[in-house]
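Visitor: Please take a close look at one part of this model, the charged side-chain contacts. I would like them described pair by pair, together with the exposure of each partner.

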Amino acid sequence: MNGSEPDQSLDTLLDLNGQVFYMGDKGHRVQFEVDAVSASAERPHGLKYSLTVHNPRGERIAGFDNAHAVPSSSGPGGRRQEFDHKHRFKTVQPYDYRDAAALLEDFWTLAFAVLRDEGVKI
């Protein structure tokens, strides 16, 4: 998607703010925190988001967010700080935010993979 086209999926993502979905019968859940914010260097897409998967103890086991910076390689010998990133258990990796629809697709792909690894039947 180029920067001049409106993100048609943005309203769908924003409508999920505050939603919690319980997954399977073990007590796992997914939850969404999404707010429109002023575009900035840290959040050029104008979103502050946290899409997370939690185990029955309430611990985050996977998700996507842009709450803090994570190091990212920016070419030979350089590093830069990226705010968009994903968590899977203890691993944190930069995430290439493209648009709201891709974020939702990538989140659900990760969520279902992690839930499957946890033995959750959906």
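**Salt bridges and their surroundings**

Guide: D106 has a relative accessibility of 22% and counts as partly exposed. The limit for a buried residue is under 20% and that for an exposed one is over 50%, so the 22% of D106 falls in the range in between. The model is a predicted one. In it, the side chain of D106 meets that of R98 in a salt bridge, with 3.0 Å from N to O. R98 is partly exposed as well, at 43% relative accessibility. The contact counts as a salt bridge because its 3.0 Å is within the 4 Å cut-off.

As background, side chains of opposite charge can pair when their charged atoms come close.

This pair is one of 4 salt bridges found by a search of the whole structure. Another joins R60 and D65, whose closest N and O atoms are 3.8 Å apart. That separation also lies within 4 Å, so the pair is counted.

Definitions and conventions:
Residues numbered from 1 in each chain as written. Predicted model: local features only at pLDDT ≥ 70, side-chain atom pairs only at ≥ 80, totals over all residues. Heavy atoms only, no water. Buried < 20%, exposed > 50% of the residue type's maximum accessible area, 1.4 Å probe, protein only.
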